[in-house]
Amino acid sequence: MLDALVFCYLHPTRGPCFPVQVPSAVLQADHYASRFIIPKSEYFSRPIITMVSSIREDEYLVVSYPTKIEENFYSRNALMFAPVFVFKRGKDFRPFLPVLEKFSSVLIELEKGIALISKSVENARHSEFTNSDESAQGSFYKLFREIFDSFLMKGKCSVVIDGKDAQNCDVQYTVRLDIQRHHVLLVDARAHHVPIKGCFDALRLCCERDNACRIIAPFIDDCRSICHVATCAHMDLKLALRTIQFMHYVGAVHLVEPLLYTSPYILTEQIVKLFEDRELQRECSKFIRYPKGPLLSTTQIFNLYSQFSPHCKLTPYEFLLRNEPLCRKFCLRRFIQFGHVHNFLRCVHKYPVRSQAAPLPVDRMTRQLARKFDGRRSVAELCAWYGLRTSDVIAWCIADEHTTIINK
């Protein structure tokens with residue numbers, strides 16, 4: 001997902017500046033700006049990747065494409081600029097690289113055809129444009145705004161630009177950019193997964209632009225599975241899965257496994273992030289506490305997570321009994337969910353496997369369920385599809401001599 005779209009420009013007197021930022025105030029023009037606006041000559045017309053800190057002290061991955069148009073009528077005999085895609089640390093930016101290169105060529109064409117950049121940027125009175133600026137500057141901002149919104153919702157855009165050429169004739173350009181969809185990996189959403197609300201702005205934009213998202217959003221309460229959400233919203237399950245997949249892609253929701261009290265959870269190597277990032281520690285403490293409840297200290301959070309050692313294979317039920325006095329001070333469900341969202345914890349699922357040569361049960365429901373025991377579907381997923389209790393399915397698997405449960 002693209003987090004910000006920025007236009008960088010080398011002003012003849014002010015130096016590097018960011019006249020367009022969507023959303024606003026993501027980056028600030030300081031010493032690092034020259035690294036991806038006016039690099040060495042051999043680095044022009046190729047992507048440059050830089051890790052920077054934003055004004056809000058968040059770490060971002062800045063992918064720029066420095067471009068130079070050499071003409072005598074420019075202030076320094078050249079117009080130097082760079083379209084920039086901004087991603088949060090850890091996001092996959094590779095599908096956007098060909099799009100960024102094409103976007104740079106489109107800006108060159110618009111500059112040579114209707115002098116869009118020169119009219120909008122060189123005579124600017126403000127350091128950053130807004131939608132209410134004068135016509136030339138406002139149209140330049142709207143171009144970036146529409147491209148960013150279209151990328152967020154559809155992964156492609158088609159924007160029409162009107163202007164006048166050197167002979168003062170009316171001309172019209174159409175900007176078309178499309179992300180290669182086969183490069184974008186959508187999450188494998190399952191019926192038993194629990195959607196958790198993510199970025200508020202992305203969720204609001206989804207609800208404004210997509211009717212299916214608008215129907216589903218009120219039923220996402222961090223507790224219901226996708227199957228339960230689809231039932232409450234009176235929506236087909238396959239449509240709900242595709243909608244949740246799209247909402248996850250744009251950052252509107254996160255997907256976690258349901259809280260299974262009888263399934264063991266183990267720590268992953270990503271727990272190191274919690275030890276190193278103090279901001280993540282504060283976020284965890286606020287997320288897991290009850291409303292108006294006390295905040296847990298960093299030491300308490302570390303001690304609690306460290307109990308889910310791969311050697312112990314502790315279940316939430318056993319964890320609750322072991323830490324009963326302390327568990328009253330925080331929400332265990334949100335504690336597990338936070339570990340899932342940040343990949344600290346992983347659930348060890350139970351996958352039933354039944355011999356194909358074994359005779360099928362007589363009961364219709366049990367026979368239909370037994371056909372799904374192929375080792376590819378977990379107990380949690382089967383329970384979500386058929387509306388069964390986890391304990392009942394596990395008890396039936398244990399009682400059936402032809403069925404084996406594999407933990408993985």
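How many residues line the largest cavity, and which of them lie nearest its centre?

A: This is a predicted model, in which local features need pLDDT of at least 70 and side-chain atom pairs count only at pLDDT 80 or more, while totals for chains, interfaces and linings use all residues. Residues are numbered from 1 along each chain as its sequence is written, and side-chain values use heavy atoms, with hydrogens and water left out.

The largest cavity is lined by 11 residues, and L10, P12, S75, R76 and A78 lie nearest its centre. A cavity here is a set of points, on a 1 Å grid over the protein atoms alone, where a 1.4 Å probe fits but cannot get out; lining residues have an atom within 4 Å of a point. Two elements, strand 1 and strand 6 (79-88), each give two or more residues to this lining. Strand 1 gives the most, with 3 residues. Strands are DSSP runs of E, at least two residues long, numbered from the N terminus. The lining divides into 7 nonpolar, 2 polar and 2 charged residues. In this count Ala, Val, Leu, Ile, Met, Phe, Trp, Tyr, Cys and Pro are nonpolar, Asp, Glu, Lys and Arg are charged, and the others, Gly among them, are polar.

The space in the largest cavity is about 60 Å³, a volume being the space filled by probe spheres set on grid points joined across faces, edges and corners. The model has 3 cavities of 30 Å³ or more by this rule.

L10 also has a place in strand pairing: its bridge partner in strand 2 is P16. Strand 1 (residues 4-11) and strand 2 run antiparallel and are joined by 6 bridges; two strands pair if DSSP finds at least two bridges between them. The hairpin from strand 1 to strand 2 passes through 3 residues. In strand 2 (residues 15-22), 7 of the 8 residues are buried, that is, under 20% relative accessible area with a 1.4 Å probe and protein chains only.

The second largest cavity holds about 40 Å³. L260, S263, H349, K350, V379, A380 and T390 line it, a set of 3 nonpolar, 3 polar and 1 charged. L260 sits in the loop between strand 10 (253-256) and strand 11 (265-267). L260 is buried, because its relative accessible area is 11%. Beyond its neighbours within four places in sequence, L260 is in contact with Y265, P316, C347, H349 and A380, contact meaning heavy atoms within 4.5 Å. L260 and P316 are 56 residues apart in sequence, with their C-alpha atoms 7.3 Å apart.

Methods:
Buried < 20%, exposed > 50% of the residue type's maximum accessible area, 1.4 Å probe, protein only. Helix = DSSP H or I, 4+ residues; strand = E, 2+ residues; numbered from the N terminus. 1 Å grid on protein atoms, 1.4 Å probe; cavity = no way out; pocket = protein on both sides within 12 Å on 5 of 7 lines; lining within 4 Å.
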